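Look at the structure first, then read the points below.

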Amino acid sequence: MTMIDHGAAAARMTELLARVTDAQLAGPTPCANYRLGDLIEHIGTLALAFTQAAGKQPSEDLVPDGDAARLSPDWRGTIAAQLGELVVAWRDPAAWTGMTKAGGLDMPGEMAGQVTLNELIVHGWDVARATGQDYLATDAEVAAALVFVEPFSGPEGTEGLFGPAVEVAGDASPLDRLLGLSGRDPRWAPAG
């Protein structure tokens, strides 16, 4: 079992979200089906879902499809607190053992921890790119996320996980490779 600390990735996400303006919430993101507000609501929901998965107490009540209409007025503070709880939950070695469930899928605890890191990195990049912010993940974080993503990525994508892989240059950075395997074009930028 390999435990991963989600602290740095969650802190990065919190910092990114703190700099998002209300005017940006209707803007596009690298996720074709999400405006920025929808993506942010999805991030809050995934923080709750994966915190519950770490505690082996998944809820069927969480709706994973992002919808900006469900954002609370204090969504920045609320999601920051949820990300903090997520980090604490995954620091418990028991979170990484046995089976759990997230997003309606049964999976080993260790895989759920890897999914959590991948979600934080990829959606952190999504938020950064959509809002013109810089995004730097550590090599260790990207390597851990790639361990999860590589088996599920392909030209058709994996329903519920990723869209079709986007081809990147052979000498692409590990982060760009992760993004491509997760169905994102590392060169994406908002129009205009």
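Which residues in H1 meet which residues in H3? From H1 come Gly7, Ala10, Met13, Thr14, Leu17 and Ala18. Their partners in H3 are Trp75, Arg76, Ile79, Ala80, Leu83 and Val87. Keep in mind that this is a predicted model.

**Helices H1 and H3**
- H1 spans residues 7-18, and H3 spans residues 75-90.
- Their axes come within 9 Å and cross at roughly 180°.
- Angles over 145 degrees count as roughly antiparallel, so H1 is roughly antiparallel to H3.
- The residues of this H1 contact with H3 divide into nine nonpolar, two polar and one charged.

**Helices H5 and H6**
- H5 covers residues 139-149, and H6 covers residues 174-181.
- The two helices pack at an angle of about 25°, with axes 10 Å apart.
- Angles under 35 degrees count as roughly parallel, so H5 is roughly parallel to H6.
- The crossing of H5 and H6 is left-handed.
- On the H5 side, the contact uses Val142, Ala145, Leu146 and Val149. H6 brings Pro174, Leu175, Arg177, Leu178 and Leu181.
- By class, the contact of H5 with H6 has eight nonpolar, no polar and one charged residues.

**An aromatic pair**
- The count comes to one aromatic pair.
- The rings of tryptophan 90 and tryptophan 96 have centres 5.0 Å apart and planes at 70°.
- Planes over 60 degrees apart count as edge-to-face, so this tryptophan pair is edge-to-face.
- Tryptophan 90 counts as buried, at 1% relative accessibility.
- Tryptophan 96 is buried too, with a relative accessible area of 2%.

Technical notes. Residues are numbered from 1 along each chain as its sequence is written. This is a predicted model: local features need pLDDT of at least 70, side-chain atom pairs count only at pLDDT 80 or more; totals for chains, interfaces and linings use all residues. Side-chain values use heavy atoms; hydrogens and water are left out. Axes are lines fitted to C-alpha atoms, for helices over the stretch in contact, and angles run from 0 to 180 degrees between N-to-C directions. Helices (H or I, at least four residues) and strands (E, at least two) are DSSP runs, numbered from the N terminus. Angles under 35 degrees count as roughly parallel, over 145 as roughly antiparallel, 65 to 115 as roughly perpendicular and the rest as oblique. A crossing is left-handed if the near helix is turned anticlockwise from the far one by less than a right angle, and right-handed if clockwise. Contact means heavy atoms within 4.5 Å. Ala, Val, Leu, Ile, Met, Phe, Trp, Tyr, Cys and Pro count as nonpolar, Asp, Glu, Lys and Arg as charged, and the others, Gly among them, as polar. Rings of Phe, Tyr and Trp (its six-membered ring) pair if their centres lie within 6.5 Å; planes under 30 degrees apart count as stacked, over 60 as edge-to-face and the rest as tilted. Buried means under 20% relative accessible area, exposed over 50%, partly exposed in between (1.4 Å probe, protein chains only).
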